[in-house]
Amino acid sequence: MRISCTEVDYIALGASSDFRADGRQAFEFRDVVVESHVVPSVSGSCRAQVGGTDVLVYVKAELDEAQGKTGTEGVITITAHYSSVAGLDNEIRTSNILNAELQESLNRLFSEKHAANLERLCLLEGRVAWTVLVDVTVLKVDGNVLDVASFAVRNALLTTLVPHVDVIRGEEGEVDEIEVDDEPASRRLLLEGDPPVYISLYLLGSKWILDASQDEEASMTSKLSVGVNSRGKVCGVIKAGEGALEWDGLGDTLKTATRMGVKIIEGLRKLESPRAETVGFFG
C-alpha cells in the first residue's frame, strides 16, 4: 500500500506521542473476535477478525504414512493465500510473494514440535499417522495479518475433531491393524498441547507498536514477529522491513510481546473446546 511521505511522518509522529489515528495507545490491540466450527464439512475450522482483518482457517485430517526419522510422527502442513477480494494493495510485492511469506511464517511456527506433539499423531509406528492439512485464507486485509492468521490456526488445530481409531494388535506373526469408528458421537480432539501465536511489533520512527493498521504497516521501518506460547516462552522471531534494529530496549519490547501473547492465548482458550463457537475480547 503506497502512502505519501507526509502521511508516513504524521503516523510516526503520532506513534512517538503514544497516539494513533484510531485512538489506541502503542501497545493496544483492536477488538479480537474468533469463531470456531464455521465450516461443518471439515475436521476443524476457525474465523478470526481483528479490526478489519479477516482470516478463515479450515483443517482436514487424513490417515497417511507415518513420517519422521523413525516413522513415529504425523505431519502438520499449512497452505496460505490471500483472497482475490481481500483488498490487498501492494505495488512492490506480488500476491504470490505475499502468499509464500505468510505460508512460510505459519509453517515455521506450527509445523515444529514446539507447536504440537507430532508423535501423538502416529497410530502405527512406521506405518500410519495423521496428516493434518491446514488451509488459511485471508478474506480481508486491514493490517497485522500474520498475527490474526496465527490466532485462527491455533484455534482450528485445537478444536479439530477426528474419528476414534482403535489399534488391533495382531497375533504372533501378524501385523497390527487399525479400525476407524466413523460415528460422529465417537469423534475426539486430535491435538493436545500449547501451540504458540505470533505477536508482531512494528517500528514507526523510534516507537514500537502492536497490531498495526494497514496505513501503519505501510509506514513501518522494521517489524518483529515473535512466536509466544501460553507460558510466555519465545518460540521464534522473524524480522522484516529494511530498517536496522537498536538493541537498547529491545529486551523490554520482546517482553511486551510475550505478555500480550499470553493474554491473547487466555482469550483463545475460551474457544478451545468442542462446543464453544464464538468469543470476543479486548472489546
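Mentor: Let us begin with burial: a residue is buried under 20% relative accessible area, exposed over 50%, and partly exposed in between, with a 1.4 Å probe and protein chains only. This is a predicted model, in which local features need pLDDT of at least 70 and side-chain atom pairs count only at pLDDT 80 or more, while totals for chains, interfaces and linings use all residues. Residues are numbered from 1 along each chain as its sequence is written, and side-chain values use heavy atoms, with hydrogens and water left out.

Trainee: Is Asn144 buried or exposed?

Mentor: Asn144 is buried, its relative accessible area being 0%. It has a positive phi of about 60° although it is not a glycine. Asn144 sits in the loop between strand S6 (128-140) and H3. Helices (H or I, at least four residues) and strands (E, at least two) are DSSP runs numbered from the N terminus.

Trainee: Where is His37 placed?

Mentor: His37 lies in the loop that joins strand S1 (32-36) to strand S2 (44-50). Its phi is likewise positive, about 60°, and it is not a glycine. His37 is partly exposed, at a relative accessible area of 28%.

Trainee: How many helices and strands does the protein have?

Mentor: The protein has five helices and 15 strands. Of its 283 residues, 48% are buried.

Trainee: How should I read the packing of H3 and H5?

Mentor: Axes are lines fitted to C-alpha atoms, for helices over the stretch in contact, and angles run from 0 to 180 degrees between N-to-C directions. Angles under 35 degrees count as roughly parallel, over 145 as roughly antiparallel, 65 to 115 as roughly perpendicular, and the rest as oblique. Here helix H3 (residues 145-158) packs on helix H5 (residues 250-268) at about 45°, with the axes 11 Å apart. H3 and H5 are therefore oblique to each other.

Trainee: Which residues make the contact?

Mentor: Contact means heavy atoms within 4.5 Å. H3 contributes Phe151, Arg154 and Asn155, and H5 contributes Ile264, Ile265 and Leu268.

Trainee: Which residues touch the most other members of the largest nonpolar core?

Mentor: A nonpolar core is a set of buried Ala, Val, Leu, Ile, Met, Phe, Trp, Tyr and Cys residues joined through side-chain atoms within 4.5 Å. In the largest one, of 66 residues, they are Val134 and Val136. H3 gives the most to this core, ten residues. Another core, of eight residues, lies apart from it and includes Ile11 and Ala212.
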